[in-house]
Amino acid sequence: MTSTELEEYISALPKAELHLHIEGSLEPEMLFEMAARNRVRLKYASVEALKRAYAFGNLQHFLDIYYAGADALRREQDFYELTMAYLRKAHADRVLHTEIFFDPQTHTARGIPFDSVVRGILDALADGEKEMGISSRLILCFLRHLGEESAFEALQMALPYRDHIVAVGLDSSERGFPPSLFRRVFDKAREEGFLTVAHAGEEGPAAYVREALDLLLVRRIDHGYAAIDDADLLERLAAEQIPLTMCPLSNQRLQVYPDLTLHPLKEMLDRGIPVTVNSDDPAYFGGYVNDNFLAISRALNLSRSDLRLLAVHSFTGSFLDQERKADLIATIPA
Ligand code: ADE
Ligand code: ZN
């Protein structure tokens with residue numbers, strides 16, 4: 001495929017996005033606009049100065065800037081506008097279904113009501129479906145660095161929204177915060193009817209991927225690259241068809257794979273693991289889902305059939321019912 005053919009193929013490819021932090025879609029321009037109207041003082045004098053700070057050495061360096069950026073989000077309307085802006089970008093990238101993470105503890109710790117956050121996001125998801133036909137699910141992520149007790153409090157706040165939040169997940173600083181620390185809160189979440197996912201094996205070891213599977217009983221692993229070091233685990237991921245939600249531009253920007261030609265996506269795909277391509281925090285990592293498809297396709301020389309398979313996995317790995325999955329898969333050209 002020529003470069004133009006590749007771009008056209010990716011643009012036209014129907015897909016689902018399964019790993020997107022809504023706070024990570026806050027573009028610098030919108031961040032400044034919201035900070036101004038909410039009278040939030042920023043550390044950076046201009047959009048350009050802020051963008052210059054987006055040169056990350058590792059996950060923690062990024063997270064510090066990402067949580068500071070989220071401080072601009074104050075009112076229900078902010079969460080609505082943030083989510084609508086993401087949905088428009090996703091729609092332009094031919095995303096037909098999206099599963100969105102949100103980090104409520106980042107907001108409730110600043111005194112923002114849980115209800116404002118969730119209502120803003122849910123109203124936008126409903127309007128996005130009406131306007132653009134994008135279906136969606138919402139996933140609440142617990143922040144590892146805040147520990148178990150705070151996660152239990154977040155879960156408690158989510159109970160009235162059980163019908164609107166499909167799953168709980170686990171994100172933030174990975175090393176030193178193994179999934180085992182969150183076993184009890186995940187048990188409780190499953191008892192309450194939530195599905196489970198977890199970030200694991202992004203900067204942490206393969207053992208964290210195993211813990212997420214064995215102790216948190218997750219349906220998907222977010223990232224999961226460290227599994228490449230563990231042959232038995234690779235076999236298990238293929239045998240159990242555990243989806244991995246990979247995020248190439250994030251990996252490049254956070255120095256997980258500064259050289260994308262060394263990324264394990266293709267090897268895992270060839271081993272029969274249902275890997276997917278996603279954008280993670282597109283406003284911080286330089287691109288939405290199609291930019292991620294393009295970057296990894298170029299780095300690993302992916303074929304049309306690889307790309308098609310990635311799109312199929314994005315639908316099969318989603319939390320949609322079987323019927324809608326089949327309908328969406330049927331939209332992928334042969
Ligand atoms: N929160 C937002 N993006 C994240 C990532 N890539 N890893 C862990 N936590 C996150
Ligand atoms: Zn993530």
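Here is a walk through this predicted model, from its sheet to its helices and charged side chains.

Eight strands form an open sheet in the order 1-2-3-4-5-6-7-8, and the pairing is parallel. Which strands stand at the edges? They are strand 1 (15–21) and strand 8, and each has a single partner strand, so one side of each is left without a neighbour in the sheet. From one strand to the next, the twist averages 25°. To see one pairing up close, look at strand 6 (residues 220–223) and strand 7 (residues 244–246), which pair in the parallel sense over two bridges. In this part of the sheet, Ile-221 stands opposite Leu-244 in strand 7.

Next, find helix 1 (residues 3–12). Its residues Leu-6, Tyr-9 and Ile-10 are buried. Those three cover an arc of only 95° around the axis, which puts them on the same side of helix 1. What do the buried residues of helix 1 pack against? You'll find strand 1, helix 15 (289–300) and helix 16 (304–316) there.

Now for the charges. Side chains of opposite charge can pair when their charged atoms come close. In this model, the count comes to 21 salt bridges. One of them joins the side chains of Asp-78 and Arg-37, at 2.5 Å from N to O. This pair links distant parts of the chain, as Asp-78 is in helix 5 (residues 76–92) and Arg-37 is in helix 2 (residues 28–37), 41 residues apart. Are the two partners buried or exposed? Asp-78 has 0% relative accessibility, so it counts as buried, while Arg-37 is partly exposed, with a relative accessible area of 33%.

The side chains of Arg-88 and Glu-131 meet in a salt bridge of 3.5 Å, N to O. Arg-88 is in helix 5 and Glu-131 is in helix 7 (residues 114–132), 43 residues apart. Arg-88 is partly exposed at 45% relative accessible area, and Glu-131 counts as exposed at 53%.

Stay with helix 7 for a local example. Arg-119 and Asp-115 form a salt bridge there, at 3.8 Å from N to O. These two are four residues apart in helix 7, so about one helical turn separates them. Both are partly exposed: Arg-119 has a relative accessible area of 42%, and Asp-115 has 32%. Salt bridges can also share partners, and in this way Arg-37, Arg-75, Asp-78 and Glu-81 are joined into one network.

Asp-281 is in the loop between strand 8 (275–277) and helix 14 (282–285). What is Asp-281 in contact with, then, apart from its neighbours within four places in sequence? The residues are His-21, Gly-24, Phe-62 and Tyr-66.

Terms used
Residues are numbered from 1 along each chain as its sequence is written. Chains are lettered from A and ligands numbered from 1 in the order in which they are written. This is a predicted model: local features need pLDDT of at least 70, side-chain atom pairs count only at pLDDT 80 or more; totals for chains, interfaces and linings use all residues. Side-chain values use heavy atoms; hydrogens and water are left out. Contact means heavy atoms within 4.5 Å. Two strands pair if DSSP finds at least two bridges between them. Axes are lines fitted to C-alpha atoms, for helices over the stretch in contact, and angles run from 0 to 180 degrees between N-to-C directions. A salt bridge is a side-chain nitrogen of Lys or Arg within 4 Å of a carboxyl oxygen of Asp or Glu. Buried means under 20% relative accessible area, exposed over 50%, partly exposed in between (1.4 Å probe, protein chains only). The arc is that of the directions from the helix axis to the C-beta atoms.
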